[in-house]
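I opened my notebook beside the model and looked up a few things one at a time. Here are the entries, in the order I made them.

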Amino acid sequence: MRNATKFAAADIAFGSGFGLVSGGLILGLFSRFFADTRDLSYRYGETGIEGIPELVATTAIVLGAVILTALVAIPGTDRFRPDPPPLRKDPFLGWVLRKDPFLGWVVSLAFLAGIGIAVGDSWWSKYFEIRAEYPYFTRMPTAAAAFVLIMTGAVLILAAMIMTESPASPSIRSWGRIVTLTGLIPAIVVSAVAIRAGDDTWNIDHTTAGEDPVAAVPDRLGTERYRIPIMPGGIYDSSSFEIAAAGTGFVVGDRRGLTAYDGRTGAERWHYRRTTQSGELLPLAPDSLRYIGDNVVSAYWYHVGYRGFNATTGELLWTESDYERDGDAADWSWSPQGDGAVLVRANPTQVAGYEPRTGDRRWITDTDHASCRVAKRNSWSHPLKDAVVGTTIYRAMQCGRADLTWWHVLAIDAETGEIVTSNEIAHRPTGEDTDQELDMRLWGNTLQLFWRTTENPRYRYILITEPSDLDSAVTYTEYPYPEDISPDGSDLLVAENVDRTIISQILDADTQSPRYQMPERYRPAARANRAFLNDQLIELDDWPHPDSHTRPIRAWSRVDGSFVREDILSDCGRTRDTVGVQPVNGALLVLCRTGDEPDRDYRKKPIVIVGLVLEH
């Protein structure tokens with residue numbers, strides 16, 4: 001009876017193993033040729049994991065095929081069993097045992113080869129690295145599951161052979177076809193779980209909101225209504241968050257992902273965050289959150305790609321797009337600098353524009369010019385510069401002939417790709433010092449192009465707010481040098497150091513004639529701490545009170561420069577930490593560092609967004 005029980009257990013073990021190997025082979029074929037995957041090629045400074053899912057799936061296919069082929073193809077023999085046991089009367093397991101020991105050797109070698117490859121190439125650790133650092137995709141878990149199924153099946157087949165070394169009762173009925181299902185059913189269940197484990201929606205925490213009226217940007221200084229903390233730590237420390245003025249207020253990008261808030265109330269409207277199996281956040285790439293026009297914000301996640309969202313509702317508008325595909329091509333890897341509400345890419349001879357709500361390419365403009373040098377990727381000569389201002393793309397190309405060098409500047413409409421106007425500036429004799437190179441500086445909605453020549457050591461510059469300014473812009477000298485420009489380009493703030501005192505004036509940007517003078521100060525104010533509202537000029541003090549950590553914020557009339565009011569913000573930094581102000585729909589935001597950490601750790605200090613709102 002013990003032999004009968006042993007034989008039954010062997011039959012079950014073999015049938016289960018046969019089913020697991022069969023199911024693993026099918027799952028391996030699905031994984032290798034049909035499952036979705038991700039690009040794992042970029043791992044800067046780390047051990048490469050490119051091709052691991054494909055390697056695991058291929059190994060599973062080969063080992064599974066070898067084991068199943070051995071079961072069918074190895075010819076039966078009685079040479080190793082001169083006294084055939086009655087066990088052979090069983091049509092199922094007896095058929096297998098007649099192939100012994102060849103089958104045992106093949107299955108054993110296949111099992112050892114699989115374990116050796118997995119251990120030698122550190123599959124275990126690489127699997128968890130991929131699951132922790134990348135969005136989920138089907139090929140990795142299905143390949144791993146196929147490999148595990150085949151290795152488990154191989155162990156069960158070997159166990160069946162070991163258990164039948166002695167004769168068993170001839171009266172035991174074969175369970176062959178039935179027990180095979182005991183392996184196939186678990187294989188099917190494991191396959192379903194592995195496919196579900198590759199579902200990327202498990203990574204996503206996404207909420208949306210309804211359409212609501214959009215409040216206007218305040219035209220004067222309001223009072224504090226709310227404070228919103230920004231999450232520090234991880235790849236995002238508290239110095240690298242981003243804010244995009246969009247929707248009913250603003251969208252914040254920090255290590256959690258994207259969170260949209262209402263400007264007037266500070267209430268959260270929607271968020272989009274990505275986590276992994278381990279609970280770690282998949283980081284949003286720094287400097288990737290942008291308002292791209294048509295009420296759309298876009299952002300980029302490492303190993304995931306670009307996503308476009310309705311800024312008001314949080315609806316996901318696009319994932320796969322021409323914008324992302326073009327960005328993967330080396331020739332389209334340039335993204336012009338600037339805060340303009342457009343979605344564009346550029347290469348040395350072309351500029352391309354994309355539809356904000358779909359990411360589809362809608363135009364390509366050739367910018368090549370016969371007299372201009374073509375910029376090369378990763379070139380140190382910088383003969384090409386791009387910038388975006390409003391809905392216009394400006395491209396400056398260094399051009400020249402034997403005796404003269406200059407810069408050819410184009411203004412391209414971001415809606416149509418049409419070259420609206422062009423001009424040639426910064427002429428100089430060929431061969432002059434490279435200090436004469438053209439530079440670009442963005443002042444909100446105004447572009448400053450500046451350069452200098454050997455005849456005049458001071459910088460010369462022009463200011464461009466509208467494309468028409470490129471034709472008619474007046475060339476100014478460095479003195480007095482602009483410190484800031486209003487968003488509409490009408491007011492120019494200049495500063496001059498007189499006997500250790502900073503004298504600031506507001507000039508008319510078109511004529512540079514003085515309009516009014518600002519209060520004297522002993523140090524220049526950071527541009528990030530200043531905002532031009534429609535009626536008032538707002539400045540936040542660079543330095544807080546040394547004891548109370550309060551920071552004054554002041555308002556002056558933009559009509560005549562008269563002082564309007566001063567408010568005190570509590571707990572807004574201990575030293576001259578990086579803070580700032582930003583107008584958004586419904587509020588003026590003040591960014592404050594808080595906490596009592598030592599000054600050397602200022603980058604890790606928590607940041608809060610203080611909302612100053614007008615009371616109606």
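Which residues are buried in helix H5 (residues 123-133)? I found Trp123, Lys126, Tyr127, Ile130 and Arg131. They sit on the same side of H5, because they cover an arc of only 135° around the axis. The arc is taken from the directions that run from the helix axis to the C-beta atoms. For me, buried means under 20% relative accessible area, exposed means over 50%, and partly exposed is in between (1.4 Å probe, protein chains only). Helices (H or I, at least four residues) and strands (E, at least two) are DSSP runs, numbered from the N terminus.

A note on the source: this is a predicted model, where local features need pLDDT of at least 70 and side-chain atom pairs count only at pLDDT 80 or more, while totals for chains, interfaces and linings use all residues. Residues are numbered from 1 along each chain as its sequence is written, and side-chain values use heavy atoms, with hydrogens and water left out.

Next entry: strand S6. I see that 6 of the 7 residues of strand S6 (residues 268-274) are buried, so S6 is largely enclosed by the rest of the structure. Strand S1 (residues 204-207) pairs with S6 in the antiparallel sense over 4 bridges; two strands pair if DSSP finds at least two bridges between them. Across from arginine 273 in S6 I find aspartate 205. Strand S5 (residues 257-262) also runs antiparallel to S6, joined by 4 bridges, and here threonine 259 stands opposite histidine 271. S5 and S6 make a hairpin with 5 residues between them. In its turn, glycine 266 has a positive phi of about 80°.

Then I turned to salt bridges, each a side-chain nitrogen of Lys or Arg within 4 Å of a carboxyl oxygen of Asp or Glu. How many does the structure hold? I have 22 on record. One of them joins arginine 274 to aspartate 200, with the closest N and O atoms 2.6 Å apart. Arginine 274 lies in strand S6 and aspartate 200 in the loop between helix H7 (176-197) and S1, so this pair ties together parts that are 74 residues apart in sequence. Both arginine 274 and aspartate 200 are buried. Glutamate 268 meets arginine 273 in another salt bridge (3.9 Å, N to O). Is arginine 273 buried or exposed? Arginine 273 counts as buried at 15% relative accessibility, whereas glutamate 268 is partly exposed at 41%. I also noted a network of salt bridges that links Glu483, Asp484, Arg530 and Glu539.

On to phi angles. Most residues other than glycine have a negative phi. Aspartate 294 has a positive one, near 60°, and is found in the loop between strand S7 (290-293) and strand S8 (296-301). Alanine 426 has a positive phi too, of about 55°; its place is in strand S17 (residues 419-429). Alanine 426 is buried at 6% relative accessibility, while aspartate 294 is partly exposed at 43%.

Last entry: a sheet. I traced an open sheet of 4 antiparallel strands in the order S2-S32-S31-S30. Its edge strands are strand S2 (223-230) and strand S30 (580-584), and each pairs on one side only. Strand S31 (residues 587-593) and strand S32 (residues 607-613) pair over 6 bridges, with leucine 591 partnered by isoleucine 609 in S32.
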